[in-house]
Amino acid sequence: MSEMNTIDNENLLWQVTQFIWHEAAILDAKEYDAWLDLWQPEGLYIIPIEDADDYAAVLNLCYDDDKMRRDRIKRFQDGFSISSAPPAVTVRTLSRFVIDAVDGNTVVVSCAEHLVEDKFGRQRIWAANVRYTLTSTDTGFRLQEKVVRLLNADGVLNSFSYLF
């Protein structure tokens, strides 16, 4: 793909939206190996507790580099995560896509997410603002960073057995 600054904004918004919807479908289908393949090796998956910009300097619910993402997925797949036995059924809805920045082959996009979880016959709803930093490669977009700001991240949270 050529430099993103040569692509019109409408087409770029459509492309990043398609990528993010695809990621949501992969997660709802629990295709975790396919989800890992969407990442740049140095990428970070972050669920902060507080409103901060330096995530490495504060406590987070999740601050996963490549090794931690793979370890988390292995626990899901092997059944060693007590919170994921049995795994929850999820449906994600993502909307309100906005391109925040474009710099060369990097695009920052934000959106809203609602995740409905069904487990043990009860449903819970999570809401978040999500910011994706995507890198354009010859094979399509790759995740460089995903920051999920849960609306109640600083409140009482029950365990969750899936990725946002």
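**From one loop to the core**

A: Let's start with Phe120, which you'll find in the loop between strand 4 (106–119) and strand 5 (122–137). Helices (H or I, at least four residues) and strands (E, at least two) are DSSP runs, numbered from the N terminus. Before going on, keep in mind that this is a predicted model: local features need pLDDT of at least 70, side-chain atom pairs count only at pLDDT 80 or more, and totals for chains, interfaces and linings use all residues. Residues are numbered from 1 along each chain as its sequence is written, and side-chain values use heavy atoms, with hydrogens and water left out.

Phe120 isn't a glycine, yet it has a positive phi of about 55°. It counts as exposed because its relative accessibility is 61%; here buried means under 20% relative accessible area, exposed means over 50%, and partly exposed is in between (1.4 Å probe, protein chains only). Arg96 is another non-glycine with a positive phi, of about 60°. Arg96 belongs to strand 3 (residues 89–103), and its relative accessible area of 51% makes it exposed.

Now zoom out for a moment. The protein chain has three helices and six strands, and from the N terminus on they come in the order α-α-β-β-α-β-β-β-β. Of its 164 residues, 45% are buried. The accessible surface is about 8,600 Å², with 53% of it belonging to carbon and sulfur atoms; such areas come from the Shrake-Rupley method with a 1.4 Å probe, and for residues only the protein chains shown count as cover. What about contacts, meaning heavy atoms within 4.5 Å? Among contacts with a separation of 6 or more, 58% are between residues 24 or more positions apart.

Next, the inside. In soluble globular proteins, nonpolar side chains tend to be buried together. A nonpolar core is a set of buried Ala, Val, Leu, Ile, Met, Phe, Trp, Tyr and Cys residues joined through side-chain atoms within 4.5 Å. The largest one here has 37 residues, and Trp35, Tyr45, Tyr132 and Phe164 are the ones that touch the most other members. At least two residues each come from helix 1 (9–28), helix 2 (32–36), strand 1 (39–48), helix 3 (66–78), strand 3, strand 4, strand 5 and strand 6. Helix 1 is the top contributor, giving seven residues.

Val148 counts as buried because its relative accessibility is 0%. Not counting residues up to four places away in sequence, Val148 touches Tyr45, Ile46, Ile47, Pro48, Ala128, Asn129, Val130 and Phe164. Val148 and Cys111 are 37 residues apart in sequence, with their C-alpha atoms 9.9 Å apart in space.

Strand 6 (residues 140–150) also holds Glu145. Is Glu145 buried or exposed? It is buried, because its relative accessible area is 18%. The Glu145 side chain makes a polar contact of 2.6 Å with the side chain of Arg131. A polar contact is a pair of N or O atoms within 3.5 Å; within protein, one must be able to donate a hydrogen and the other to accept it, and residues adjacent in sequence count only if both atoms are side-chain atoms.

That brings us to charge. Side chains of opposite charge can pair when their charged atoms come close. A salt bridge is a side-chain nitrogen of Lys or Arg within 4 Å of a carboxyl oxygen of Asp or Glu, and the structure holds ten of them. One of them joins Asp64 and Arg72, whose closest N and O atoms are 2.6 Å apart; both residues are buried. Another joins Asp66 and Arg69, at 3.4 Å between the closest N and O atoms. Those two both lie in helix 3, three residues apart, about one turn of the helix. Asp66 is partly exposed because its relative accessibility is 24%, while Arg69 is buried because its relative accessible area is 1%.

Finally, Glu113 pairs with Arg92, with 3.7 Å between the closest N and O atoms. This pair links distant parts of the chain, with Glu113 in strand 4 and Arg92 in strand 3, 21 residues apart. Both Glu113 and Arg92 are buried, and together with Asp28 they are linked in a network of salt bridges.

Conventions
Contact means heavy atoms within 4.5 Å.
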